[in-house]
Amino acid sequence: MSEKNNNIWSDQVHAALVVAKKDIRIYYLKPPVIIFGVIFPVFFFLAFAIGRPVPVEDMVPGMLAMALFFTASAVGPLVTPWERQAKTYERLITSPASLGAIIAGDVLAGAGFGVVFSAIPLIVGYVGVGATVSSVLPMAAGILIGAVAFSSLGVLLSAPATQSPSQIMMLANLVRLPLIFVSGVFMPITEMPVWGRAVAPFSPLSYSVDLIRAGYGEETYFPIGLSIAAIIGFSIMFFALAMFFHTRGRRKAVE
Amino acid sequence: MNIILESKELVRYYGTHLAVDRVSFEVRCGEIFAFLGPNGAGKTTTVRMLTGFFTPSSGTGLINGHDIVREPTEARRHIGVVPEEANVYVDLSVWRNVMLMAELHGIDKRTRTERGQELLEAFDLYDRKEHEGRSLSKGLKQRLMLCMALVSGPDLLFLDEPTSGLDVKSARLIRDTIVRMNKEENMTVFLTTHNIAEAEQICDRVAIIDEGRIAAIDTPDALRSVVASRRSVEVTFSDGDYQSLSPEGFQGVEELKPLSQGFKLYSATPGRLAQQVAASALEKGLEVQNIRTLEPSLEDVFVHITSGKNKRSENHE
């Protein structure tokens, strides 16, 4: 019985990897997606940073966190609506891959994309302004676990039973854009107004930014252990909610 | 004979609309089983429940002994699905589409490569294996979908309207391949169609579904025997005023159905009636283009069953 269960688990892990590979090949390795992934966070950040009396090297953690957040959660909300529109979602659902494996595959693809693209500000920060990583563990945790949390959030946003990517895009921006203002991306949480400090703990991005700041040797707002636990908690919560809403969507689905 | 698929009281609601109403049936190993019904009868919904795309509102099904509700991934391991609408990945090549399905089924690299090549050759797609899905015509996409469904070597193949809207050549290739695989590999085929001729031609058993319920289920021959009285004479004329024959007046005519250049007469004694029609046409100088007696067809069974139900529901209203 346990051998059978082990086989089922390994089969589903394999299926998740196949789904992730498919997503990367079809949806991520496209010039517009790549260009958007690089340019959007950079310009967004510059729009808010230029003219402010902040040393350039102090901007690097925020830029890195925002690049990670935007790239990891950029495509996830759209994969399922695109697949519903193309009717390929039916193909996945009727394969031996479970819904959990399909969602995990989508999360893995987004997280991988985010991690790869977070290397750009990391390298630019090092080469351009000499921003060096002084503590690898919080930096790695902030990037890797953060990527999973943000990608899970993206996949959760794909749950509404629609075939229209534009509707999902609107919802995704409605959720994602406010988060960057309350998460210490543009300024450390300690310098934020009282209302900002009150809201910051409810954003997964806050913990990721905090860990990345710790990686660059800056002071943290939350204890590192709490930040890691919080991002893991957010990842699990987003994944569980994605499972719930996708399952509910299929139960109600007309198409 | 072993049962590979068992549907147990499957029910599916869309909101308050009851689309499938307590559908129960069995499919035996190695047979070609057809689900025949008009548009909106519940064929596709039933298939979508059995293949795991929809969760049943109630009821369940067993595929190779695996419950589709409690062990869905195990159940789906035994099936291949060709849905009604083309759903290949248009950004992937023909080859990658096939390999993707094999990988999702956990088929090892050597086996999936060999089987993929065999299938692409059998469906005349091998020369196009590097072409993107978007570049394929509807017929080629349909063939690719069959390759994707068959690459895992399924025990049970679901085909939802597999030849709908295809040209004659593609439809024949698909039908012939289905029959060949059924015979050579003992693969069970579950086919939904509203193409009665197709069902009559290739299926071992047929279920007629109407308004979400199974109305009849048996072999085509047994179903035809239900409407044995529906024997007929079909006659067409080259030209002339064939209406002057007053066909409804011939002895033994039970029903008259006009055709574009003639008529079809239903009768318990079609041989004798054909003689009467021929003699009368000769007498009036009409040139008969074709005259033949017909045994009841599956279409007659289908019309008999579904129209009977419609009449009943009209009476209730």
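1. Domain bounds here come from an automatic or database domain assignment. On that basis, chain B splits into domain 1 (3-225) and domain 2 (231-295). The C-alpha centres of domain 1 of chain B and domain 2 of chain B are 42 Å apart.

2. This is a predicted model: local features need pLDDT of at least 70, side-chain atom pairs count only at pLDDT 80 or more, and totals for chains, interfaces and linings use all residues. Residues are numbered from 1 along each chain as its sequence is written, and chains are lettered from A and ligands numbered from 1 in the order in which they are written.

3. Chain B holds an open sheet of 4 strands, antiparallel in pairing, in the order β2-β1-β4-β5. Strands (E, at least two residues) and helices (H or I, at least four) are DSSP runs, numbered from the N terminus. Two strands pair if DSSP finds at least two bridges between them.

4. What stands at the edges of the sheet? β2 (17-28) and β5 (66-67) of chain B do; each has a single partner strand, so one side of each is left without a neighbour in the sheet. β5(B) pairs with β4 (residues 58-63) of chain B in the antiparallel sense, over 2 bridges. H66(B) in β5(B) is the bridge partner of I63(B).

5. Now the chain contact. It takes 23 residues from chain B and 21 residues from chain A. Contact means C-beta atoms, placed from the backbone, within 7 Å. On the side of chain B that touches chain A, α2 (72-76) and α3 (94-104) of chain B each give two or more residues. The largest share, 4 residues, comes from α3(B).

Definitions and conventions
Contact = placed C-beta atoms within 7 Å.
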